Amino acid sequence: MKKNIAVIGYGGQGGWHADHALKSDVLNLAGIYDIKPERNALAESRGIHAYASLEEVLADPAVEIVTVATPNDTHLPIVLAALAAGKNVVCEKPVEMSLAVLDEMLAAAKAAGKLFTVHQNRRWDVDFLAMKQIITEGKIGAPINVESRIHGSRGIPSDWRCEKEHGGGMILDWGVHLIDQMLQLITDPIDNVYCTTTHITNKEVDDGFKLTINFTTGKTAYVEVGTYNFIALPRFYMQAENGSALITDWREKAQVAHCLAWHESDVLPVQTAAGITKTMAPRDSVTMETWEVERPVSDVHDFYRNFCAAIDGTAEQAIKHCEVRRVMKVMEAAFASAETGARVAFDENR
Ligand code: NAD
């Protein structure tokens with residue numbers, strides 16, 4: 001049977017959740033609530049029930065799931081109230097701005113005996129899934145270095161995302177997705193984190209960042225978000241033990257190169273503009289094979305399908321609390337590194 005969901009915050013993302021619920025095979029949209037009357041009126045004009053208050057949502061016994069899609073700094077009281085009212089809760093990312101507050105939410109969920117998760121919907125991104133598939137198949141071996149970039153050229157949206165007090169900035173907005181994906185691609189323990197931020201169009205919060213995650217095994221991950229990049233660098237680049245993989249753009253297929261023979265007895269030097277080189281000589285089909293990976297099939301409805309199954313006790317939650325905590329810890333370390341200009345040691349056991 002479909003589960004009744006109410007969405008708190010009917011802005012851009014709340015609208016997405018409401019539309020998504022209307023098309024879902026596991027959800028029934030009970031209604032929305034937004035602090036702004038005009039947003040409630042808009043929902044009503046679309047045939048969606050608008051509750052008069054958060055209290056009215058939480059008092060409705062039909063509502064089983066509350067999804068919180070309000071600005072980042074407003075999540076905590078809504079999450080706590082919904083859990084205390086006996087609702088299962090989905091909170092938008094970034095769930096919070098500190099590990100301490102996230103832990104408060106997790107403790108509240110445990111005390112209420114209700115399920116709580118974070119909407120890390122970009123686990124269903126096709127480009128990320130293609131990289132995951134290449135690693136899992138193992139043909140080019142384990143990753144040595146993975147680079148994940150999102151480059152746009154429009155600055156930060158001119159809303160609360162520009163302001164620190166509301167949890168603005170790109171580490172919290174996009175970083176949370178890319179870090180979450182990266183920690184699925186390289187699962188080794190983290191040794192330290194180094195991060196720098198940019199403030200080209202916004203002084204108050206970061207409008208981009210460059211984050212290096214060093215793992216104890218020597219592997220490295222690089223995550224970069226830019227909002228002032230009029231030419232974008234590739235979405236994903238991976239160096240692995242026996243080859244490389246590249247996704248130029250999220251609309252494109254992954255390209256894979258597999259090294260067939262490392263030692264060549266006789267590499268012919270190639271002529272470049274002002275000299276010759278053997279080191280950088282391109283490979284041929286004798287020593288390297290290449291192929292494209294079909295874009296994996298993905299359905300983001302699986303996020304709520306999984307959450308509903310977890311409520312019924314028939315599946316494990318796809319987005320685990322320990323994973324959400326680890327992403328939060330990396331973001332905390334990234335902020336600390338950007339502030340001090342130094343590498344920040346990572347404590348896996350905190
Ligand atoms: P938005 O500004 O478009 O919408 C926020 C809405 O929340 C507004 O309509 C506002 O009136 C309402 N609101 C504010 N405080 C409220 C309160 N206390 N009670 C009820 N309503 C309240 O913002 P957005 O882009 O929709 O972002 C909302 C959340 O969704 C943020 O946490 C953001 O990071 C997240 N988000 C996630 C994704 C994703 O892909 N997972 C994409 C965009 C945004």
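In which helix does Leu76 lie? Leu76 is found in helix α4, where helices (H or I, at least four residues) and strands (E, at least two) are DSSP runs numbered from the N terminus. The structure is a predicted model, in which local features need pLDDT of at least 70 and side-chain atom pairs count only at pLDDT 80 or more, whereas totals for chains, interfaces and linings use all residues. Residues are numbered from 1 along each chain as its sequence is written, and side-chain values use heavy atoms, with hydrogens and water left out.

Leu76 counts as buried because its relative accessibility is 19%; buried means under 20% relative accessible area, exposed over 50%, and partly exposed in between (1.4 Å probe, protein chains only). The C-alpha atom of Leu76 is separated by 20 Å from that of His177, a residue 101 positions apart from Leu76 along the chain.

The ligand is surrounded by 25 residues, of which Gln13, Asp34, Asn72, Asn121 and Arg161 are the closest; a residue is near a molecule if one of its heavy atoms lies within 4 Å of it. By class, this shell has nine nonpolar, ten polar and six charged residues. In this division, Ala, Val, Leu, Ile, Met, Phe, Trp, Tyr, Cys and Pro count as nonpolar, Asp, Glu, Lys and Arg as charged, and the others, Gly among them, as polar.

A ligand oxygen is 2.6 Å from an N or O atom in the side chain of Asn72, and a ligand nitrogen is 3.0 Å from an N or O atom in the side chain of Glu92. A polar backbone atom of Lys93 lies 2.8 Å from an oxygen atom of the ligand. Taken alone, the ligand exposes 850 Å², and the protein buries 84% of that area, with accessible areas taken from the Shrake-Rupley method with a 1.4 Å probe. Helices α1 (12-22) and α4 (75-84) are the elements that give two or more residues to the shell around the ligand.

Lys93 is placed in the loop between β4 (88-92) and α5 (99-112). With a relative accessible area of 11%, Lys93 is buried. A polar atom of the Lys93 side chain lies 3.0 Å from the backbone oxygen of Asp173. Most peptide bonds are trans. The bond that joins Lys93 and Pro94 is cis, with omega about -15°, and Pro94 also lies in the loop between β4 and α5.

Further residues were examined by element. Val327, in helix α9 (residues 321-340), is buried, with a relative accessible area of 3%. Val327 and Met97 are 230 residues apart in sequence and 11 Å apart in space, C-alpha to C-alpha. Thr197 belongs to strand β7 (residues 190-198) and counts as partly exposed at 27% relative accessibility. The C-alpha atoms of Thr197 and Ala338 are separated by 6.2 Å, although the two residues are 141 residues apart along the chain. Gln255, in strand β12 (residues 254-259), is likewise partly exposed, at 35% relative accessibility. Between Gln255 and Ile134, 121 residues apart in sequence, the C-alpha to C-alpha distance is 10.0 Å.

Terms used: Polar contact = N/O pair within 3.5 Å; in protein donor to acceptor, adjacent residues only side chain to side chain.
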